Structure formats: structure tokens, C-alpha cells
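Subject: Structure handover and findings

Dear colleague,

Please find below the structure that I am handing over to you, followed by an account of what was found in it. I would be glad if you could read the two side by side.

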Amino acid sequence: MNLTLRVWRQKERNSPGRIVEYRASNIIPDMSFLEVLDVVNEELIAKGEEPIAFDSDCREGICGTCSLVINGIAHGGQRGTTACQLHMRRFKDGDTITVEPWRAKSFPVLRDLVTDRSAFDRIIAAGGFVSVNTGGCPDGNALPVPKIEADAAMDAASCIGCGACVAACKNASAMLFVAAKISHLAHLPQGRSERERRALAMVNQMDAEGFGSCTVTGSCEAVCPKEISLDFIAKMNREYGKAILKGDVRIRAEGGAG
Ligand code: SF4
Ligand code: FES
């Protein structure tokens, strides 16, 4: 296959960017999208030019590091697929493909296709963990978890933190990511003891990072490579609402505000 790539090039965070065109020749249809960028980069390096900066790590759809908007769609538009698992057989010989970074105020471009997604790390650090001592490895059935709860926790835990949900949302909302992380722990007994503090802290941090509001357009769910359901946003809203109410009750009981 021979392709034309239109790639966003930007030297650094505060410099202006622009689309630059490259030819990608003799591409094998079984190559992944990132391997095509590797091919283009090898040619650029051989010519003494700056290679295209892009993020990747596992290249197996596990780590959430790859982050490309391909032809206007985060991760390229193949349902349940990360950019690193998108193969060129999905495209046609002679295609022109536009490649851009995630676009969101809270994910500033650092260079070319690389964005700073540390806002997600700070949201996790605000409460996306269990701090109670859960002891050693218990017997399989020592802590009964109903299957329906275990399945929901597992579905939420499959979020790889890639940020495509933010990139796809017209409001740059991070609700799907935060909802997955809050729901994952809220569905398990080990996560319940801190559920109110967690919901408040993570939602507050999400707001502090400048992510937008959710208007339920569903674009996040459509591009999510792990097919995280919008239902988790409803679950997060319930967790957050309960935390607010309990906090309000506690404040009243302690003779505080209200
Ligand atoms: S919810 Fe989906 S799109 Fe958003 S960070 Fe998690 S895996 Fe990525
Ligand atoms: S590089 Fe790890 S998910 Fe794409």
C-alpha cells in the first residue's frame, strides 16, 4: 500500500503547529498504525530530519499510552480498538490519512502528537485507590462478591486511562474515565469504606484540572477502546450525590454549616 499521511507537527508546547504531508510507501496491510509511523520516522532520520514524536508503550492495547486522532476520530474509529491495534488493512491503497494529537485544554500538546495527560494521574492520586489494609492474599471465597458486582467492577477496571473519551467529547469532559475509576472500587467491598471521600476528591480534582461537563452526547463511549459504558457515569453521579448528602448530614450533626 502507498499512503499519504498528513501529520500535526509542533516543536514544543507554546510554538505554533501545522500539518505536514509525508509519503508512506510499501506499507504492508498487516502493519499497525504505529508501525507506519515507525517507517516514516526511519526515513526522516535517514534524511537527517526530526522524526515525528508520538506516544506508545505496550502496542497491545493494554497500557493506554498511544493517543492519536486519526481522520478526526480518537484511536481511528474501529470499535473497541486502540491506535496501536489499528491495522492498515482497514485503509485503502492511495488513502490520505490525517493524524493529530488529542485536543483538549487539559491535555496540552508537548510535541507533535504527544500530549501531557498528567491531569489523569492527579485525579487518580486524589482518591483512585484503596488505603485500608487488605492484608495478605485471602482464600478465593473468604470475601463473597456477587457475580453481578464482580462483573461490573471488572468492566470498569478495564479502562486503560488513554484519554480518548476526553479527546472525543465536544466539552473535553473526563467523566467516563473518572466514572470508570470510581465505579471500579465502589463495586467491591474493599473499596466501600472510602467511597464518599473518593467520589468527592476525584470529582473535585477533575473540575480543578479544567475538564468540561458531561452533556451525555455519548461520543466518549463510542471511541473508548475498552467500550466503557455510559452507565458508569450514572453510577458516579449516584456515588457523588450520596457523598454530598452524607457530608451535608455530617456537617449538620457536627453543628456546622447549614
Ligand atoms: S474510559 Fe475509555 S476512552 Fe476514557 S480513558 Fe478509559 S479506556 Fe480511555
Ligand atoms: S501503546 Fe499501549 S495501548 Fe496502545
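A cavity here is a set of points, on a 1 Å grid over the protein atoms alone, where a 1.4 Å probe fits but cannot get out. By that rule, this predicted model holds two cavities of 30 Å³ or more.

Sorted by class, the lining of the largest cavity consists of ten nonpolar residues, two polar ones and one charged one.

The second largest cavity holds about 70 Å³, and its lining includes C169, C214 and C220, together with M175, L176 and I233. Two or more residues of that lining come from each of α5 (175-186) and α8 (219-223). By class, the lining of the second largest cavity has seven nonpolar and five polar residues, with no charged residues.

As for open sites, the largest pocket has a volume of about 180 Å³, and the residues that line this pocket are C63, G64, R117, S118, F120, D121, I124, I160, G161 and F177. Helix α2 (residues 118-127) gives the most to this lining, with four residues, and the lining of the largest pocket as a whole divides into five nonpolar, three polar and two charged residues.

Turning to the chain overall, the protein has nine helices and seven strands, and its C-alpha trace spans about 70 × 45 × 35 Å along the principal axes. Of its 258 residues, 45% count as buried, and among contacts with a separation of 6 or more, 68% are between residues 24 or more positions apart.

Helix α7 (residues 195-208) has 14 residues and reaches 20 Å from its first C-alpha to its last, which is close to the 20 Å expected at 1.5 Å a residue. Within α7, the buried residues are R195, E196, R198, A199, A201, M202, V203 and M206, and just after this helix G210 takes a positive phi of about 90°.

Most residues other than glycine have a negative phi, and two residues may therefore deserve a look on that account. N26, in the loop between β2 (17-24) and α1 (33-46), has a positive phi near 55°, while H75, in the loop between β4 (73-74) and β5 (96-100), has a positive phi of about 70°. Are these two residues, N26 and H75, buried or exposed? N26 counts as exposed because its relative accessibility is 65%, which is over the 50% cut-off, whereas H75 is buried because its relative accessible area is 1%, which is under 20%.

Finally, T4 lies in strand β1 (residues 3-10) and is buried, with a relative accessible area of 12%. The side chain of T4 makes a polar contact with the side chain of R23 at 3.0 Å. Neighbours within four places in sequence aside, T4 is in contact with E21, Y22, R23, D95, T96 and I97.

With best regards

Terms used: Residues are numbered from 1 along each chain as its sequence is written. Chains are lettered from A and ligands numbered from 1 in the order in which they are written. This is a predicted model: local features need pLDDT of at least 70, side-chain atom pairs count only at pLDDT 80 or more; totals for chains, interfaces and linings use all residues. Side-chain values use heavy atoms; hydrogens and water are left out. Buried means under 20% relative accessible area, exposed over 50%, partly exposed in between (1.4 Å probe, protein chains only). A polar contact is a pair of N or O atoms within 3.5 Å; within protein, one must be able to donate a hydrogen and the other to accept it, and residues adjacent in sequence count only if both atoms are side-chain atoms. Contact means heavy atoms within 4.5 Å. The expected span of a helix is 1.5 Å times one less than its number of residues. On a 1 Å grid over the protein atoms alone, a cavity is a set of points where a 1.4 Å probe fits but cannot get out, and a pocket is an open set with protein on both sides within 12 Å along at least five of seven lines; lining residues have an atom within 4 Å of a point. Grid points are joined across faces, edges and corners, and a volume is the space filled by probe spheres set on the points. Ala, Val, Leu, Ile, Met, Phe, Trp, Tyr, Cys and Pro count as nonpolar, Asp, Glu, Lys and Arg as charged, and the others, Gly among them, as polar.
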